[in-house]
Amino acid sequence: MEQTLQQGIDINQVLSKRPLIISGPCSAETEEQVLQTALQLAATGKVDILRAGIWKPRTRPGSFEGIGTKGLPWLQQARKASGLPVAIEVATGKQVEDALHFDVDVLWVGARTTVNPFSVQEVADALKGVDVPVLIKNPINPDLELWIGAAERIAKAGIKNIGLIHRGFSSYGNTEYRNAPMWHLAIEMKRRFPEMLMINDPSHICGRRDILQEVAQKAIDLDFDGLIIESHIDPDNAWSDAKQQITPEVLGNMISAMIWRKEDIVSEELHANMEKMRSQINQLDDELLQLLGQRMKVADKIGAYKKDNDITILQTSRWNAILEKAFVKGGQMGLSQEFITKYFDAVHMESINHQNKIMNQ
Ligand code: PEP
Ligand code: MN
């Protein structure tokens, strides 16, 4: 109670707002920067919670690793001046204690912490007997079990209000994104934990400004509950993650320009039209499954034939030819190369497994 109703802020009520918008600098840098960012964000009228990193887990040493405990009173002051509740990342028991001491309203577990059960457990132990909402970022590697495990550890400590943050997954080599979104993993988490708050972090997914809005819109169209977006009064000169931060003003405009679609289908007519299209989709899915079943029966036959004639399951040239043909045909049907690759990989693996079983019978 003491934690939830600090200074007239009912944090659980704030967290239940949809869409929930969290914004603020990657890192707290100076007292003035924190205060000005908070005031400018509050002035947009679009932001519900102020975020700031106090301790920064940087991938490489030598970059700014956070201002530390010294920044906590700045946040306390910004909270008071702007009326915005504040959220920070914690990675150790001591950081939890310090954050709570300075009235931080929401804690989040960072992506580099979620991967480490020892660290998550330490955070969880420090949370015993405390009533504070905790958001858990996905681990940097695409492992749902780690993400779930972190949520379970925090829940076991007695924390009731737990939410999830989808910030993408790191991979070797440069892609369009700083962290690959792998939307299907966030969708799977939503499917398994439909009651849990799920917000998207386009800043860390994109790593750059120009595609922030389209990623944020995609998340909202996938029925995410909200967004956490980094903002800074002078983004180009930010001490961390400069390339992805935007000013509070740009953030306000971005939120205003977004289209907020609804998940529920209310009118009868809408419902009937949707049902018609959905039954077409169901019918086609049935047919696809039947065809795939037939395809695998042929694979079984080929497997038996290869076995009798001592031929390997895989002939790479044949596999290349199938893919090439599928790219062309798929392209004509409006299917992306990425989808064709994934689909054919899955079908091919299933076919190999069928043949493998037959061969080793
Ligand atoms: C952050 O939010 O600034 C941060 C460090 O994020 P992540 O844990 O997603 O890398
Ligand atoms: Mn950051």
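**Strands, barrel and surface**

Author: Begin with one strand pair: strand β1 (residues 20-24) runs parallel to strand β2 (residues 49-51), and two bridges join them. Strands (E, at least two residues) and helices (H or I, at least four) are DSSP runs, numbered from the N terminus. Two strands pair if DSSP finds at least two bridges between them. This is a predicted model: local features need pLDDT of at least 70, side-chain atom pairs count only at pLDDT 80 or more, and totals for chains, interfaces and linings use all residues. Residues are numbered from 1 along each chain as its sequence is written.

Reader: Which residue stands opposite Ile49 in β2?

Author: Ile22 does.

Reader: What packs on the sheet, touching β7 and β8?

Author: A contact means heavy atoms within 4.5 Å. Axes are lines fitted to C-alpha atoms, for helices over the stretch in contact, and angles run from 0 to 180 degrees between N-to-C directions. Here helix α10 (residues 212-221) touches β7 (197-200) and β8 (226-230), and its direction makes about 160° with that of β8.

Reader: In what order does the barrel run?

Author: The closed barrel of eight strands runs β1-β2-β3-β4-β5-β6-β7-β8, with parallel pairing. Neighbouring strands of this sheet are turned by 25° against each other on average, direction ignored.

Reader: How many helices and strands does the protein chain have?

Author: The count is 14 helices and eight strands.

Reader: What share of the residues is buried?

Author: Buried means under 20% relative accessible area, with a 1.4 Å probe and protein chains only. In this chain of 361 residues, 46% count as buried.

Key:
Chains lettered and ligands numbered in written order. Heavy atoms only, no water. Buried < 20%, exposed > 50% of the residue type's maximum accessible area, 1.4 Å probe, protein only.
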